[in-house]
Amino acid sequence: MDSHIETEVNELTDMGIVFVGSAGNDGREVKSYPAAYDNVIAVAATDKNNNPCDFSNFGNYVDIAAPGYFTAYSATSGSNAPNYTYYQGTSYSAPIVASAAAVVLSEHGGYTFEQVKSKLMSSAVPFREKDCNKKYDSARFLFGYGSPTGQAFVFIRLICAFLQL
């Protein structure tokens, strides 16, 4: 943790900037910075079934989760065989939440960080205990809230459908 960075985050948050950070990919209950700062929305990863990913960090600092396991298709030059690449990580989850925050801000330009975070949290679905790996125990509390739903997230669902997530 770097107090200078946290000070900058706090000052920029006071100016209306909303920060979103990746929770990390160690698969354990450990804080990852800058996501663990109070004025950063910390994002964990879910799989295509909205279950917490085993690799995703967790803990009471995590605010929300979003898809973090993706399959991408790319054509290989000079070959008819498809090339599938798998990507995973909370670094793929955070931009989804950042996009949702941008939609909230586009609809409510005067919202503060706390109001944007509150809108995201109220538009998310809590994890069900049965959907969580046993190692997370009460993961719905450790992970915070699950995948986004609601009006602000319609475009995310379309993107996810397009990407076949």
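**Surface patch, ring pair and a buried asparagine**

Mentor: Leu12, Met15 and Ile17 make a nonpolar surface patch of about 290 Å². The model is predicted, so local features need pLDDT of at least 70 and side-chain atom pairs pLDDT 80 or more, while totals for chains, interfaces and linings use all residues. Residues are numbered from 1 along each chain as its sequence is written, and side-chain values use heavy atoms, without hydrogens and water.

Trainee: What makes a patch?

Mentor: Its residues have over 30% relative accessible area and no salt bridge, and nonpolar side chains are joined within 5 Å.

Trainee: Why is Ile17 called partly exposed?

Mentor: Its relative accessible area is 39%; buried means under 20%, exposed over 50%, and partly exposed lies in between (1.4 Å probe, protein chains only). Ile17 is therefore partly exposed.

Trainee: Why is the pair of Tyr33 and Tyr37 called tilted?

Mentor: A search of the whole structure finds one aromatic pair. The ring centres of Tyr33 and Tyr37 are 5.1 Å apart and the planes stand at 50°. Rings pair if their centres lie within 6.5 Å; planes under 30 degrees apart are stacked, over 60 edge-to-face, and the rest tilted. The pair is therefore tilted.

Trainee: Is Tyr37 buried or exposed?

Mentor: Tyr37 counts as buried at 4% relative accessibility, whereas Tyr33, at 34%, is partly exposed.

Trainee: Why does Asn57 count as buried?

Mentor: Its relative accessibility is 1%, so Asn57 counts as buried. The Asn57 side chain reaches the backbone oxygen of Ala23 at 3.0 Å and the backbone nitrogen of Gly27 at 3.0 Å.

Key:
Rings of Phe, Tyr and Trp (its six-membered ring) pair if their centres lie within 6.5 Å; planes under 30 degrees apart count as stacked, over 60 as edge-to-face and the rest as tilted. A polar contact is a pair of N or O atoms within 3.5 Å; within protein, one must be able to donate a hydrogen and the other to accept it, and residues adjacent in sequence count only if both atoms are side-chain atoms. Patches are made of residues with over 30% relative accessible area and no salt bridge: like charges are joined within 9 Å, nonpolar side chains (Val, Leu, Ile, Met, Phe, Trp, Tyr) within 5 Å. Accessible areas come from the Shrake-Rupley method with a 1.4 Å probe; for residues, only the protein chains shown count as cover. A salt bridge is a side-chain nitrogen of Lys or Arg within 4 Å of a carboxyl oxygen of Asp or Glu.
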